[in-house]
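Reader: Hi! I'm new to this one, could you walk me through it?
Author: Happy to, let's have a look together.

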Amino acid sequence: MGRRKAKVKIKKKLISIVLFLLITFLTVAYNNIQSKIDVFQIYEELSQQDLIVETDKSKEMLINTNETLEIHFLDVGQAESILLIQGNYSMLIDGGNDENGKEIIKYIEKQGISKLDYIIATHAHADHIGGLDKIIKHFPVEKIYFPKHTTTTKNFEEFILAVRDKNMKLTLPDVGSEFYLGSARCIVLSPELKEYEEPNNYSIVLKVIYGNTSYLLMSDAETEIENTLLENNVDITANVLKVGHHGSETSTSEKFLKAVNPKYAVISVGKDNDYNLPANKIINRLEKYNLNIYRTDLMGTIVLKSDGNNIVFEN
């Protein structure tokens with residue numbers, strides 16, 4: 001009789017433990033789902049269409065011959081982060097992976113920068129927005145551009161919450177819209193406000209013009225976007241091409257490369273990465289057109305400077 005009571009007691013205890021674990025699991029799962037729902041709701045509340053029209057005065061800015069445009073392609077491993085500086089103005093395009101955040105902050109401060117005029121988060125992949133939450137928290141930021149692109153990752157959540165906690169908005173890029181970084185003219189070429197099957201094609205593509213020099217920054221945009229730009233007869237000619245998608249075969253088609261007609265190609269890519277990037281096919285294509293190729297995996301951080309007529313790479 002005593003043994004039976006002991007068994008019943010053990011059985012009840014086991015049932016209690018199982019029920020407790022089940023309730024705990026369901027509670028955590030519910031909270032996670034609720035958190036995701038809240039993040040998407042916050043994203044919708046933060047997003048706003050870019051309705052700001054630049055004044056005629058800003059479009060008539062002349063280049064100060066004592067100033068330069070600097071573009072720093074940061075070595076952030078298999079990720080991407082680009083810092084542009086023109087006079088007293090600065091813009092950061094992407095923030096690498098989560099672990100890159102602090103080193104990007106140090107790099108920016110080393111350039112004597114205490115605030116960012118623009119942050120462009122090109123799309124929601126972790127290797128582009130991973131470190132941005134730390135950067136947004138650290139620096140005063142005037143404006144943040146981000147496309148109509150969401151994901152369920154922790155990095156996306158941290159990015160969105162950092163923007164909210166800074167009482168800022170996310171500006172949706174509008175194709176053809178322009179803004180100025182000092183005397184550098186920045187033109188949004190993509191994405192259109194529509195749905196893309198491939199997340200990389202939500203990438204914000206930017207053309208920067210400084211004097212007689214121009215720079216095409218492709219982020220991870222793939223051949224679908226390249227073809228759209230060609231079909232729409234967009235002026236994509238540039239002296240410098242930041243090669244799309246880390247030198248993957250999904251980007252930089254031959255007809256696109258011919259249309260851009262650059263002299264220099266820059267590839268943001270990690271040393272000995274798991275994707276075998278840049279692809280040999282892309283390197284061969286760049287070499288076929290006698291481009292000067294600069295790679296962060298081989299050279300570290302790449303810095304170019306321009307006075308509006310000449311482009312000098314410091315590497």
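This is a predicted model: local features need pLDDT of at least 70, side-chain atom pairs count only at pLDDT 80 or more; totals for chains, interfaces and linings use all residues.

Reader: Which way do they point from β11?
Author: Thr-213, Tyr-215 and Leu-217 point one way, while Ser-214 and Leu-216 point the other way. In a regular strand, side chains alternate between the two faces of the sheet.

Reader: And what about β10, how does that strand run relative to β11, parallel or antiparallel?
Author: Antiparallel, with five bridges joining the two strands. One of the pairs is Val-208 with Tyr-215 in β11. Two residues lie between the strands of this hairpin, and Gly-211 has a positive phi near 60 degrees there.

Reader: Nice. What does β12 do with β11?
Author: β12 (residues 240-242) pairs with β11 in the parallel sense, over three bridges. Tyr-215 has Val-240 as its bridge partner in β12. Between β11 and β12 the chain passes through helix α7 (residues 223-231), in a right-handed β-α-β crossover.

Reader: What lines the largest cavity?
Author: Its lining includes Leu-217, Ile-204, Leu-206 and Lys-242. By class, that lining has seven nonpolar, two polar and two charged residues.

Reader: And the lining of the second largest cavity?
Author: Five nonpolar, no polar and three charged residues. Among them are Pro-147, Glu-192 and Tyr-202.

How values were computed
Residues are numbered from 1 along each chain as its sequence is written. Side-chain values use heavy atoms; hydrogens and water are left out. On a 1 Å grid over the protein atoms alone, a cavity is a set of points where a 1.4 Å probe fits but cannot get out, and a pocket is an open set with protein on both sides within 12 Å along at least five of seven lines; lining residues have an atom within 4 Å of a point. Ala, Val, Leu, Ile, Met, Phe, Trp, Tyr, Cys and Pro count as nonpolar, Asp, Glu, Lys and Arg as charged, and the others, Gly among them, as polar. Buried means under 20% relative accessible area, exposed over 50%, partly exposed in between (1.4 Å probe, protein chains only). Helices (H or I, at least four residues) and strands (E, at least two) are DSSP runs, numbered from the N terminus. Two strands pair if DSSP finds at least two bridges between them. A crossover is right-handed if, with the strands pointing away from the viewer, the path from the first strand over the helix to the second runs clockwise.
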